[in-house]
Amino acid sequence: MKNRTIKIGVISALREEQAGLIEQMQDAITVQRGMRDYVSGRLWGIESVCVLSRIGKVAVAATTATLIESFGVTHIIFTGVAGAAATDVRIGDIVVASQLVQHDMDASPLFPRFEVPLTGLSHFFSDKQLSSLMTQAASQFINQDFLETVSEANRQEFLIDRPLVHEGLIASGDQFISTSLELNQINDNLPDVLAVEMEGAAVAQVCFEFGIPFAIVRTISDNANEDSPVDFVQFLEKIAARYAFGIVRQFFSLVQENKVHLS
Ligand code: SAH
């Protein structure tokens, strides 16, 4: 649809993943619904609603449906952190989802493993156009902002040299993956997974059901193994917030350029 007013819902699960965005908003108004604060206003000139979903699939599904039904968003993006699930995906890299799957969905033998009952689907596709803008935004963040945004000390601490941007499958479930055993089980059943987290596939399912285009972007905070709890906490404090803000800023500037062409 050309020239219709767009309103972007920006979801994060954790406070650090939303850092700086609310302060950046113009004419911000906060409304509470279902124990969440929905902050509406303009982000870099574009109508937006920012919200913290909290952690897990149910939390984010309720938040996504409310953004669509009560706040009338036309597009949704989710920014957050995730565990690495492939050998070439490293801490500090960015993964943009092309597809998402719920790794803990299992209604077999009634339905095939991973299939969301009555949808006929196990994998949900993100919106191609929004995701490609998101990949571009992530690359621009790495190329233009990364070195001045993340201090050398922090880069050294997390062994982040030149972060890569990946596009592919993200798996979500109601588990923080913190053992190699758990990660191996996911990899065995879903060999293409690049990253594991706890919300993306739920956003994908709700957006699919409401027909809302969405994109999911994740910065890798840990290796989804025994080191995860330590890496994760450190990373959130020192790095995640800067990535999230930087990527979203680049994304909004690309949306601004492409606004009339967004579907
Ligand atoms: N101790 C944290 C709990 C965060 S849960 C707290 O109290 O705030 C982990 C969050 O980061 C989820 O939102 C999830 O989407 C993402 N995540 C990062 N690494 C993950 C991993 N290894 N497994 C699952 N989710 C992960």
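1. Strands (E, at least two residues) and helices (H or I, at least four residues) are DSSP runs, numbered from the N terminus.

2. Basis of the numbers. Residues are numbered from 1 along each chain as its sequence is written. The model being predicted, local features need pLDDT of at least 70 and side-chain atom pairs count only at pLDDT 80 or more, while totals for chains, interfaces and linings use all residues; side-chain values use heavy atoms, with hydrogens and water left out.

3. A ligand nitrogen lies 2.7 Å from a side-chain N or O atom of Asp222. A ligand oxygen is 3.3 Å from a side-chain N or O atom of Arg218. Alone, the ligand exposes 560 Å², of which the protein buries 78%; the areas come from the Shrake-Rupley method with a 1.4 Å probe.

4. A pocket is an open set of points on a 1 Å grid over the protein atoms alone, with protein on both sides within 12 Å along at least five of seven lines; a cavity is a set where a 1.4 Å probe fits but cannot get out, and lining residues have an atom within 4 Å of a point. The volume of the largest pocket is about 230 Å³, taken as the space filled by probe spheres set on points joined across faces, edges and corners. Its lining has 19 residues, with Val81, Phe176, Glu197, Met198 and Phe232 nearest the centre. S5, S9 and S10 are the elements that give two or more residues to this lining. Eleven lining residues are nonpolar, three polar and five charged.

5. The cavity. One cavity of 30 Å³ or more is present. The largest cavity is lined by Thr79, Gly80, Val217, Thr219, Ala244 and Ile247. S5, S10 and helix H7 (228–258) each give two or more residues to that lining. Three of the lining residues are nonpolar, three polar and none charged.

6. Backbone. Most residues other than glycine have a negative phi, and most peptide bonds are trans. Two places deserve a look. The Ser108–Pro109 peptide bond is cis, with omega near 5°; Pro109 is in the loop between strand S6 (94–102) and strand S7 (123–125). Asp27, in strand S2 (residues 26–33), has a positive phi, near 50°.

Key:
Polar contact = N/O pair within 3.5 Å; in protein donor to acceptor, adjacent residues only side chain to side chain. Nonpolar A, V, L, I, M, F, W, Y, C, P; charged D, E, K, R; others polar.
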